[in-house]
Amino acid sequence: MNGPGDVLYLSYSDVEKIGMRMSEVIDAVESSFVEKGAGRAEVPPKPGIHTQPDAFIHAMPAYIPRMEAAGMKWVSGYPDNHKLGLPYITGVLVLNDVRTGVPVCIMDCMWVTAMRTAAASAVAAKYLANPDSAELGILGAGVQGRSNLEALSLVLPGLRKVKAYDIRPDTLEAYVSEARPKYPFEVTAASSPMEAVVGSDVIITAGPILKHPDPVIEPSWVKPGALGIPLDFDSYWKDEALQAADHFVTDDVEQLDYYRTVGYFAGTPAAEGDMGDVVAGRIGRRSRDERIICMNLGLAIEDVATAIVLYKRALASGLGRVLPL
Ligand SMILES: NC(=O)c1ccc[n+]([C@@H]2O[C@H](COP(=O)([O-])OP(=O)(O)OC[C@H]3O[C@@H](n4cnc5c(N)ncnc54)[C@H](O)[C@@H]3O)[C@@H](O)[C@H]2O)c1
């Protein structure tokens, strides 16, 4: 147990050992959206610094009173890190005592980021995809490509086929051979972004975020009734494809609008609402043929809602290292 002034440090492997399941992360993230939708969460738009082109380090604070979860993720995304054998996303997450503000836990945030982002996609799919969605397109076969496949497999019971695409053929091959034995549905390698998108009921794009993107997804590639979930901002989807959607939602309207002020999303439509509105039933699919885009930029309430569960379980099982503050 932490004493006053002690902080629990959880490495990536400590966090992984806790064994929180994807279904539990989906529940935590959905609850965080419920709290947001009811106006009971504090989550300011994330500011960032940029030490390299197309790279970011973001500060992501949030407080969810009902979960007694308060903290901040300090997370970076560096698209060229793979050349150095480093992950694209790295960082730490700090949890604070809600009564005193004192930091009580510092954990690696790679596991949380991989899992909660996929969980947010799953919540979006649960509410916004056609329930019999059978084909899933995944563009970007990296960390998110993997965790999103796991999360979507849990909420799309009708899934029959996954078409994955990656710009790097060896990465795609490794992804497909890893996924095939794990899942009961067909996993295929698409030879182009178009092949992964056309005919898909749900489309996840998880390539790099580019400040000056060269997007390829055309409106005509997106079938009626499809749900598109861009995780890489507007880097993969042409503005016309985003504008052609019957509903355009995001995970936080204020955050999307903040990004417009710093040069992103010039051609992206105004969001009709956010995931808080979706889980509260204020916005949603009205017919099987509506095309919906849910552009989740990533929200700190998802992080702290997951991290508080991890912290409590780590304390209960004696995982991690207690450090003096
Ligand atoms: N919205 C969120 O909440 C959130 C959270 C975490 C990560 N992300 C974003 O998700 C994306 C993926 O992150 P990750 O951790 O999986 O990174 P990653 O490096 O593990 O995977 C990215 C993959 O995309 C591939 N790729 C590069 N250019 C491509 C292209 N043009 N077409 C198809 N594939 C391409 C790379 O080869 C790599 O396999 C990043 O843009 C990241 O910023 C978003």
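Helices α3 and α10 are oblique to each other. The model is a predicted one. Two packed helices are described by the angle between their axes and the distance between the axes. Here, helix α3 covers residues 110–128 and helix α10 covers residues 300–317. Their axes come within 9 Å and cross at roughly 120°. Perpendicular pairs run from 65 to 115 degrees, and antiparallel ones start over 145. The angle of roughly 120° therefore makes α3 and α10 oblique. The crossing of α3 past α10 is right-handed.

Turn next to the charged side chains. Side chains of opposite charge can pair when their charged atoms come close. Across the whole structure, a search finds 21 salt bridges. One of them joins R288 to D132, with N and O 3.3 Å apart. This pair links distant parts of the chain, 156 residues apart. R288 sits in the loop between α9 and β13, the latter spanning 292–295. D132 sits in the loop between α3 and β7, the latter spanning 135–139. D132 has a relative accessible area of 44%, so it is partly exposed.

R282 bridges to D277, and their closest N and O atoms are 2.9 Å apart. R282 has a relative accessible area of 51%, so it counts as exposed. D277 is at 18%, so it counts as buried. The cut-offs explain these labels: buried means under 20%, exposed means over 50%. R286 meets E290 in the other bridge, at 3.0 Å from N to O. R286 is exposed because its relative accessible area is 65%. E290 is buried because its value is 8%.

Some charged residues join in a network. K73, R116, E302 and D303 are linked this way by salt bridges.

Now the backbone. Most residues other than glycine have a negative phi, and most peptide bonds are trans. Which phi does E68 have, positive or negative? E68 is not a glycine, yet its phi is positive, at about 50°. This residue is found in the loop between β3, residues 56–64, and β4. With 42% relative accessibility, E68 counts as partly exposed. Is F265 buried or exposed? F265 is buried, because its relative accessibility is 1%.

Which residues form a nonpolar patch with M72? I49, W74 and V92 do, and the four have about 310 Å² of accessible area together. M72 itself is partly exposed, because its relative accessibility is 31%. A patch residue needs over 30% relative accessible area, so M72 at 31% passes that cut-off.

Finish at another loop. D97 lies between β5, residues 89–96, and β6, residues 103–108. At 23% relative accessibility, D97 counts as partly exposed. How far is the C-alpha atom of D97 from that of G19? They are separated by 23 Å, and the two residues are 78 residues apart along the chain.

Methods: Residues numbered from 1 in each chain as written. Predicted model: local features only at pLDDT ≥ 70, side-chain atom pairs only at ≥ 80, totals over all residues. Heavy atoms only, no water. Patch = residues over 30% accessible without salt bridge, like charges linked within 9 Å, V, L, I, M, F, W, Y side chains within 5 Å. Areas by Shrake-Rupley, 256 points an atom, 1.4 Å probe, with all protein chains shown as cover. Salt bridge = Lys/Arg side-chain N within 4 Å of Asp/Glu carboxyl O. Buried < 20%, exposed > 50% of the residue type's maximum accessible area, 1.4 Å probe, protein only. Axes fitted to C-alpha atoms, helices over the stretch in contact; angles between N-to-C directions. Helix = DSSP H or I, 4+ residues; strand = E, 2+ residues; numbered from the N terminus. Parallel < 35°, antiparallel > 145°, perpendicular 65-115°, else oblique. Left-handed = near helix turned anticlockwise from the far one by under 90°.
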